[in-house]
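Hi everyone, thanks for making time this morning.

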Amino acid sequence: MEYVAQLWRFMLVRRKFWLLPVILMTVLLGGLLVLAKGSVVAPFIYTLF
């Protein structure tokens, strides 16, 4: 959790707010791939990439 706090402080100090959507989309796509790994819908998700 300390890493998230440091990243947030970095974005506030350096005015790098454009990083927030990039980080959120990366986390969401990573979570989707992890959750779908053992799922029946995995072949359909992998075709998107």
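Let me start with a question: what share of the accessible surface of the protein chain belongs to carbon and sulfur atoms? It is 74%, out of a total of about 4,500 Å². Keep in mind that this is a predicted model, so let me say a word about confidence. The mean pLDDT of the chain is 83, and 98% of the residues reach 70 or more. Confidence is highest in α1, at a mean of 89, and lowest in helix α3, residues 42–46, where the mean is 72.

Now the layout. We have 3 helices and 0 strands, and the order from the N terminus is simply α-α-α. If you take the principal axes of the C-alpha trace, the chain spans about 45 × 20 × 10 Å. Of the 49 residues, 10% are buried. For a sense of distance, pick Val22 and Ala42: these are 20 residues apart along the chain, and their C-alpha atoms are separated by 24 Å. Val22 belongs to helix α2, and it is partly exposed because its relative accessibility is 44%, which lies between the cut-offs of 20% and 50%.

Let's zoom in on α1. This helix has 13 residues, and from first C-alpha to last it reaches 18 Å, close to the 18 Å expected at 1.5 Å a residue.

Which residues form it? They are Trp8, Leu12, Val13, Phe17, Leu20 and Leu24, and together they have about 560 Å² of accessible area. Both α1, residues 2–14, and α2, residues 19–36, supply at least two residues each, while the largest share, 3 residues, comes from α1. Remember the general rule for α-helices: there are 3.6 residues a turn, so residues three or four places apart point the same way.

With a relative accessibility of 38%, Phe17 is partly exposed. That value matters for the patch, because membership requires over 30% relative accessible area.

That's my tour, so over to you for questions and comments.

Conventions. Residues numbered from 1 in each chain as written. Predicted model: local features only at pLDDT ≥ 70, side-chain atom pairs only at ≥ 80, totals over all residues. Heavy atoms only, no water. Patch = residues over 30% accessible without salt bridge, like charges linked within 9 Å, V, L, I, M, F, W, Y side chains within 5 Å. Areas by Shrake-Rupley, 256 points an atom, 1.4 Å probe, with all protein chains shown as cover. Salt bridge = Lys/Arg side-chain N within 4 Å of Asp/Glu carboxyl O. Helix = DSSP H or I, 4+ residues; strand = E, 2+ residues; numbered from the N terminus. Buried < 20%, exposed > 50% of the residue type's maximum accessible area, 1.4 Å probe, protein only. Expected span 1.5 Å × (residues − 1). pLDDT = per-residue confidence, 0-100.
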